[in-house]
Amino acid sequence: MHNLQSLMRPHMVKIATYHGVDPSEELARKAGIRPEDVIRLNANENPYGALDKVSAALVGQPLHLYPDPKQQKLRTALSEYVGQPVDRIIAGAGGDEIIDLLMRLFVEPDQTVLDCEPTFGMYSFAARLADAKIISVPRTNTWDIDIPAMTAAIDGLTRIIFLASPNNPTGNLLKESDARALLDTGVVLCVDETYYEFSGNTLAHLLDDYENLVILRSFSKWAGIAGLRVGYAIGSATLISHLMDIKQPYNINIAGEAAVLAALEHRSELLTRTRSLVEQRKKLEAVINDLDGVSYFPSEGNFLLCKFEHKTAEQAFTGLAEHGIFVRQFPQTVLNDSLRISAGTPEQTDQLIYALKNIV
Ligand SMILES: Cc1ncc(COP(=O)(O)O)c(C=O)c1O
């Protein structure tokens with residue numbers, strides 16, 4: 001075993017891995033409840049599941065054939081959806097793959113990647129995989145970007161900055177003026193709009209002004225197909241053509257392609273669900289406004305970052321799990337007093353509210 005490891009790339013051997021969410025069976029086993037009683041509010045998934053019309057579109061697909069490496073149908077449909085030319089769009093196996101591809105394209109070992117804590121953990125994980133140095137510049141007390149600190153952190157080794165808008169887990173948007181200030185430095189800026197359909201806010205209009213801007217989007221959350229792994233990037237034609245050159249040829253599988261085409265066709269139904277999730281988040285906000293011992297930070301996503309005062313976040317987490325409700329916790333970080341709670345269906349929200357009232 002030792003010999004085998006000595007043959008591996010040293011930075012990979014002891015890498016701090018990224019822990020994804022457990023399957024419901026596992027959550028149920030740990031909490032001593034039945035899998036069907038698990039309420040998953042820990043991964044910002046879409047609790048309504050896929051549309052029936054999207055699931056139906058998977059039937060009869062030619063599963064024995066390789067998918068189109070040029071993603072022509074998919075990119076054409078995405079082009080119509082986002083209002084950008086086809087050559088400015090690439091699809092990836094989730095936004096996660098796009099993040100990885102950007103690292104491969106831009107970052108050499110020992111060069112620098114910037115993000116702003118607290119934020120989505122995939123940026124730093126992908127940087128570690130690339131053997132790059134990750135500098136995580138803390139956000140301000142309103143979770144905004146500290147532009148002077150960012151500017152000070154940027155130097156000749158900085159290759160790419162990742163900023164989510166809305167940010168996961170804080171829920172706030174990236175200000176256009178902050179994005180412009182960073183783009184003006186000439187470094188590549190990836191604005192991760194995975195929660196765009198919930199916020200309705202985009203910086204895609206800046207693409208005409210900045211070749212160093214990439215917008216990242218996903219079908220995991222609003223479209224309810226996280227399990228099929230489809231995301232996409234919008235960027236300059238030059239950037240996208242290089243990403244197309246380095247991606248795995250068949251990165252989007254036949255099922256994912258069919259599902260996205262159907263989701264875009266039936267987008268108005270999906271957007272109704274999206275709006276309902278925003279309503280559920282607002283209902284939770286209203287209840288928390290009247291509760292002692294818990295507060296939240298305003299969110300534009302399908303999740304709410306909740307801070308606990310009398311109970312520890314760990315106690316609140318355990319209390320919710322006893323009610324079958326699983327949320328996201330952030331031990332050993334600046335958010336160790338907080339939990340991120342995804343918006344659920346109206347029934348799930350009622351159960352969550354009942355449990356929260358009991359706990360605090
Ligand atoms: C900010 C952000 N970006 C990207 C992703 C990855 O999404 P995908 O499922 O498309 O890989 C997530 C998922 O939680 C996220 O929160």
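Author: Happy to; we can go from the whole chain down to single residues.

Author: This is a predicted model, so local features need pLDDT of at least 70 and side-chain atom pairs count only at pLDDT 80 or more, while totals for chains, interfaces and linings use all residues. Residues are numbered from 1 along each chain as its sequence is written.

Reader: Great. How many helices and strands are there in the protein chain?
Author: The protein chain has 15 helices and 13 strands. Helices (H or I, at least four residues) and strands (E, at least two) are DSSP runs, numbered from the N terminus.

Reader: And what radius of gyration does the protein chain have?
Author: The protein chain has 21 Å, which agrees with the value near 21 Å for a compact globule of 360 residues. That radius is taken over C-alpha atoms, and the globule rule is 2.2 Å times the number of residues to the power 0.38. Along its principal axes, the C-alpha trace spans about 55 × 55 × 50 Å.

Reader: What share of the residues count as buried?
Author: Of the 360 residues, 44% do. Buried means that 20 or more other C-beta atoms lie within 10 Å of the residue's own; 12 or fewer makes it exposed, anything in between partly exposed, and C-beta atoms are placed from the backbone.

Reader: Which domains is the protein chain divided into?
Author: There is domain 1 (21–49 + 268–359) and domain 2 (52–265). Those bounds come from an automatic or database domain assignment. The C-alpha centres of domain 1 and domain 2 are 26 Å apart. Their contact takes 25 residues from domain 1 and 21 residues from domain 2. Two residues are in contact if their C-beta atoms, placed from the backbone, lie within 7 Å.

Reader: Which elements give two or more residues to the domain 1 side?
Author: Those are α13 (267–289) and β10 (303–308). The largest share of that side, 5 residues, comes from α13. By class, the side of domain 1 that touches domain 2 has 13 nonpolar, 8 polar and 4 charged residues. Here Ala, Val, Leu, Ile, Met, Phe, Trp, Tyr, Cys and Pro count as nonpolar, Asp, Glu, Lys and Arg as charged, and the others, Gly among them, as polar.

Reader: Switching to the ligand: which residues are closest?
Author: Gly-94, Gly-95, Asp-96, Ser-218 and Ser-220 are the closest of the 13 residues that surround the ligand. A residue is near a molecule or strand if its C-beta atom, placed from the backbone, lies within 6 Å of it. The shell around the ligand divides into 3 nonpolar, 8 polar and 2 charged residues, and its largest share, 3 residues, comes from α6.

Reader: Tell me about α6, then. Which of its residues are buried?
Author: In α6, Gly-94, Gly-95, Asp-96, Glu-97, Ile-98, Ile-99, Leu-101, Leu-102 and Met-103 are buried. The 13 residues of this helix (residues 94–106) should span 18 Å at 1.5 Å a residue, and the end C-alpha atoms are 19 Å apart, which agrees. The expected span is 1.5 Å times one less than the number of residues.

Reader: What about phi of Asp-110?
Author: Phi of Asp-110 is near 75 degrees, a positive value in a residue other than glycine. Asp-110 lies in the loop between α6 and β3.

Reader: Is Asp-110 buried or exposed?
Author: Asp-110 counts as exposed, because it has 10 C-beta neighbours inside 10 Å.
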